[in-house]
Amino acid sequence: MPDPLAVGTPIRRETRQAVWQAARLALGTASALGLARFAYGLLLPAMRDVLRWSLTEAGAMSAANGLGYLLGALVTAVVVRRLGTAATFRWGMVLTALALAATATSDAYPVLLAARAAAGAAGAAVFVTGGVIASRLAARAASGTPITVYFAGAGVGIVVSGAGIPSLGDHLHLAWAGLGVAAGLAALVSWTAARAGEDAQPGEEAQPGEEAQAASAGRVHVRPLWGVALAYLLFAAGYITYITFLSAYLADRHAPVGQVVLTWTALGLAVVAAPALWSRPTARWPGTRALAVLLGLLGGGAALAMAAPAPPVILASAIVYGATFMGVPAAVTALIKANTPPADWTATLAAFTTIFAAGQTAGPWLAGLVADHTSTTATLAWTAILCAAAALVAALANPSRRAGAGLAEKTPGAEASTRQ
């Protein structure tokens, strides 16, 4: 006689396996974002002092990473068609580790710019393909948990960086080499987690309409979402300056190593917790309310550190920042899904990714230019002002539903699909 307790066990087992696989896959976001992008902010004060950089030059180094990310995002689709999703993820992880290690080999500014750009390009390939794999895991497990786990990996990378880098002081080459080793280990551990990115296995039938979507990327719908697009551009140019220059801001105030470690660790843990805080508001709040609230809190968090630079206040600022900035892309994605037909999601998301990358590339350089003529406080003011402006734009935005009119009636389950 069958064991009654065994009923439903295969489903639960598949969900557990998907979550565990997503946890290893999350080392992709830990490497591509936490190590290859955000950890630079921890090294910036020492690089500025040892290499005699201006804040403009320091900001340009972050801009190079953003430019590499933009180029990587543009070519990832081509690479995937040639190599497949899993192989692109795996070799993107390897190249990310190599780019970080290469940064440890030279102090020459052009070499460092090239290495940062390469890390950005490889990180983009990892981020995009890892998201595809996590989505497939979520679909097979009938659960959104794998996607949540995957994006939370960025916070893990920030925590690892914050715990290890400040204690190394001015030993820049050792710090970059350590990041390269950490990214290499992440590539090794996540290698088999990418297997869900392979092409559909026998028996996995394509869903109706998937062939048409594969054949055509669809139309771009930016005009109906122009307010959201503008808010996203302002956010991209603003958010990156906070995490790029936060350690420089602390260094200028002679913050002890312990405070830097605590601040970055708390920021990273807040990133890990953010999906649990914002998944329901993003899915259920009407219109652009969730986006506006996220941006408003983000701007307020940056202003908090600027207005009262006491250690507890800066810690609170970092927690607010970590708990909100990764929620903005999720809110924008939900708005795109709610206001465009499914066949046009890919093209519209790609257009918004380009807008985001452009803002992220220009922001650090421009903020550094301003800070050179004032102080590092200007970099926090940059984030606060741009994110507050983005919140206002988002609050006033009224996405036109003409592109997706009648979607809920014509496509069964469309509403549910926006709540993933």
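This is a predicted model: local features need pLDDT of at least 70, side-chain atom pairs count only at pLDDT 80 or more; totals for chains, interfaces and linings use all residues.
Residues are numbered from 1 along each chain as its sequence is written, and side-chain values use heavy atoms, with hydrogens and water left out.

The protein chain has 18 helices and zero strands, where helices (H or I, at least four residues) and strands (E, at least two) are DSSP runs numbered from the N terminus. Of its 420 residues, 51% count as buried; here buried means under 20% relative accessible area, exposed means over 50%, and partly exposed lies in between, with a 1.4 Å probe and protein chains only. The accessible surface of the chain comes to about 18,300 Å², of which 67% belongs to carbon and sulfur atoms, the areas coming from the Shrake-Rupley method with a 1.4 Å probe and, for residues, with only the protein chains shown counting as cover. Among contacts (heavy atoms within 4.5 Å) with a separation of 6 or more, 86% are accounted for by residues 24 or more positions apart.

A search of the whole structure finds 14 aromatic pairs, that is, rings of Phe, Tyr and Trp (its six-membered ring) whose centres lie within 6.5 Å, with planes under 30 degrees apart counted as stacked, over 60 as edge-to-face and the rest as tilted. One of them joins Tyr 232 and Phe 235, which are stacked at 6.2 Å centre to centre with 5° between the planes. Both residues lie in helix α10 (residues 226-252), three residues apart, or about one turn of the helix, and both are buried. Another stacked pair is formed by Tyr 321 and Phe 325, with 4.7 Å centre to centre and 25° between the planes, and these two residues are buried as well. Both pairs belong to one aromatic cluster, which also includes Phe 38, Tyr 239, Tyr 242, Phe 352 and Phe 356.

Asp 252 forms it with Arg 48, the closest N and O atoms being 2.9 Å apart. Because Asp 252 lies in helix α10 and Arg 48 in helix α3 (residues 40-50), the pair ties together parts that are 204 residues apart in sequence. Asp 252 is partly exposed, with a relative accessible area of 36%, whereas Arg 48, at 15% relative accessibility, counts as buried.

Leu 71 is found in helix α4 (residues 55-83) and is partly exposed, at 48% relative accessible area.

A contrasting position is Thr 379 in helix α16 (residues 377-396), which is buried with a relative accessible area of 0%. Leaving aside neighbours within four places in sequence, Thr 379 is in contact with Thr 241, Phe 245, Ala 367 and Ala 371.

Definitions and conventions:
A salt bridge is a side-chain nitrogen of Lys or Arg within 4 Å of a carboxyl oxygen of Asp or Glu.
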